[in-house]
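These are my notebook entries on a structure that I looked up for the first time. I began with single residues and then turned to the whole chain.

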Amino acid sequence: MRKQLLLITLFTILCVESYSQIAFEKGYFIDESNKRVDCLIKNVDWRSNPTNFEYKLSQNDTVQEATVQAVKEFGINNFSKYIRAKINIDRSSDQIDYMSSERNPSFQEELLFLKVLIEGPASLFQYTDGSLTRFFYKLDDSEISQLVYKKYLRDGKMLVNTSFKQELSLKMKCEKITSKEIENLRYFNRDLEKLFVKYNECTGLGYVNLNPNKNKDLFNLNIRPGLNYSNLRVEDPASDFTNTDFGYKPGFRIGVEAEFILPFNNNIWSVVAEPTYQYYKSEESKKSSLISNEFIISKVDYKSIELPIGVRRYFHLNDKSKLFANLSYVLDFPINSYVKYIRESNGEVFYNLDIRAKRNFALGVGYKYNDRFSSEIRYYTNREVLNEYLYLNSDYRTISLIIGYSLF
């Protein structure tokens with residue numbers, strides 16, 4: 001348990017320390033006097049809309065902080081743009097335990113940075129704060145208004161106020177936009193972006209899509225063969241001959257990894273799951289202390305499907321190369337696996353133990369090139385594999401060398 005806690009602590013420290021490695025990139029901000037300041041902004045790729053940001057006037061300058069009270073607009077070149085707005089926002093909860101019984105939104109005025117998604121005759125903005133997401137829009141010179149979407153409870157049932165559809169239907173009339181398209185519109189950035197792009201194209205005036213293809217390539221499927229170097233030790237305090245160290249043996253492993261890239265913080269975080277076939281076989285022979293001139297053969301045949309589920313953190317070196325670290329919680333499903341103790345003289349099996357494994361952790365570090373080829377070394381914490389036998393202690397250890405190829 002102490003080793004498992006140590007792995008988690010090391011992974012956490014590594015990720016927290018690496019936060020400072022996020023790059024300062026070329027950008028700008030506009031201050032209260034409408035002065036544009038070109039600078040380098042720390043690109044955190046905010047999951048929630050920021051209330052401030054860090055910047056430097058030059059690469060060797062000191063880091064400064066700008067807040068929503070002092071900045072009207074800021075942006076990172078070819079990446080993102082935020083504008084300041086004093087708007088009415090409805091923060092009603094979508095969680096059923098805190099859900100309102102009122103259909104109408106409960107607005108409150110706030111000064112916020114809104115992320116610009118589409119900029120043109122019809123502009124679309126997004127505000128995210130944890131699990132809360134709200135969209136806002138602006139037509140020509142009108143004020144910025146929230147597109148209303150609110151879940152509420154009525155007589156024990158959850159209902160949804162989707163008045164944003166009616167508002168867009170009235171305000172954004174275009175021959176290319178059908179009533180069915182409005183009716184099927186979902187309160188998601190992809191759906192709304194498509195609609196706003198279509199309307200702006202319909203006007204014949206220019207527009208800018210500041211969020212193009214931002215959600216592409218967020219899933220990777222990787223083939224991951226490799227080599228395990230594993231050892232099993234069995235201890236029985238009541239019997240000397242069952243105490244066996246089966247030794248470190250090499251074994252082939254093959255996995256298929258599904259990786260889900262999280263669409264924030266410059267895609268440096270991902271969730272991974274990797275069903276993997278692994279096996280370990282070994283045989284030892286030693287003289288019995290209970291029966292004279294008798295040798296006991298100890299055999300282990302351990303095959304299983306492992307399922308590591310975890311998180312991965314990337315560390316970009318350049319456009320093609322990056323390091324990564326991942327921490328996984330490992331489920332294990334043995335397949336006809338056993339530990340046997342056999343008399344050498346007559347082949348009698350007097351202990352036949354079924355392998356039933358506990359869960360454990362794994363920490364891996366690796367390198368990925370061109371988002372296609374990867375290599376990783378992975379350390380697994382000790383795994384109890386004879387979990388059903390209270391009088392036995394078992395200790396299965398593995399170090400893996402893994403290579404990977406991304407299919408897509």
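**Entry 1: Lys-176.** I looked up Lys-176 and found it in the loop between helix H2 (163–171) and helix H3 (179–183). Helices (H or I, at least four residues) and strands (E, at least two) are DSSP runs, numbered from the N terminus. I noted that the model is a predicted one, in which local features need pLDDT of at least 70 and side-chain atom pairs count only at pLDDT 80 or more, while totals for chains, interfaces and linings use all residues. Residues are numbered from 1 along each chain as its sequence is written, and side-chain values use heavy atoms, with hydrogens and water left out.

Leaving aside neighbours within four places in sequence, I found Lys-176 in contact with Glu-181 and Lys-198; contact means heavy atoms within 4.5 Å. I also looked up the separation of Lys-176 from Arg-397: the two are 221 residues apart in sequence and 63 Å apart in space, C-alpha to C-alpha.

Entry 2: I placed Leu-139 in strand E9 (residues 132–139). Leu-139 counts as buried because its relative accessibility is 13%. Residues up to four places away in sequence not counted, Leu-139 touches Pro-121, Ala-122, Lys-171, Met-172 and Tyr-199. Its C-alpha atom is separated by 6.5 Å from that of Ser-123, 16 residues apart along the chain.

Asp-140 is in the loop between E9 and strand E10 (145–147). With 52% relative accessibility, Asp-140 counts as exposed. I recorded a positive phi of about 50 degrees for Asp-140, although this residue is not a glycine.

**Entry 3: Asp-45.** I found a positive phi of about 50 degrees at Asp-45 too, again not a glycine. Asp-45 lies in the loop between strand E2 (36–42) and strand E3 (52–56). Is Asp-45 buried or exposed? Its relative accessibility is 8%, so Asp-45 counts as buried.

Entry 4: Pro-105 is found in the loop between strand E6 (80–90) and strand E7 (107–119). Not counting residues up to four places away in sequence, Pro-105 touches Asp-90, Val-148, Lys-150 and Asn-161. Pro-105 and Lys-150 are 45 residues apart in sequence, and 6.8 Å apart in space, C-alpha to C-alpha.

Leu-111 lies in strand E7. Leu-111 counts as partly exposed, at 33% relative accessibility. With residues up to four places away in sequence not counted, Leu-111 touches Val-68, Gln-69, Arg-84, Ala-85 and Lys-86. I also looked up Thr-51, which is 60 residues from Leu-111 in sequence and 9.3 Å from it in space, C-alpha to C-alpha.

**Entry 5: the cavity.** Rolling a probe the size of a water molecule over the atoms shows where empty space is left. I took a cavity to be a set of points, on a 1 Å grid over the protein atoms alone, where a 1.4 Å probe fits but cannot get out; lining residues have an atom within 4 Å of a point. Grid points are joined across faces, edges and corners, and a volume is the space filled by probe spheres set on the points.

How many cavities of 30 Å³ or more are there? The count comes to 1, and the largest cavity has a volume of about 40 Å³. Its lining consists of Asn-222, Arg-224, Glu-257, Arg-312, Tyr-314, Phe-324, Lys-368 and Ser-374. Strand E14 (219–235) and strand E19 (295–316) are the elements that give two or more residues to this lining.

**Entry 6: the whole protein.** I recorded 4 helices and 25 strands for the protein. The radius of gyration is 29 Å, well over the 22 Å that the globule rule gives for 408 residues, so the protein is more spread out than a compact globule. This radius is taken over C-alpha atoms, and the rule is 2.2 Å times the number of residues to the power 0.38. Along its principal axes the C-alpha trace spans about 100 × 60 × 35 Å. Buried residues make up 45% of the 408 residues.

Conventions
1 Å grid on protein atoms, 1.4 Å probe; cavity = no way out; pocket = protein on both sides within 12 Å on 5 of 7 lines; lining within 4 Å. Buried < 20%, exposed > 50% of the residue type's maximum accessible area, 1.4 Å probe, protein only.
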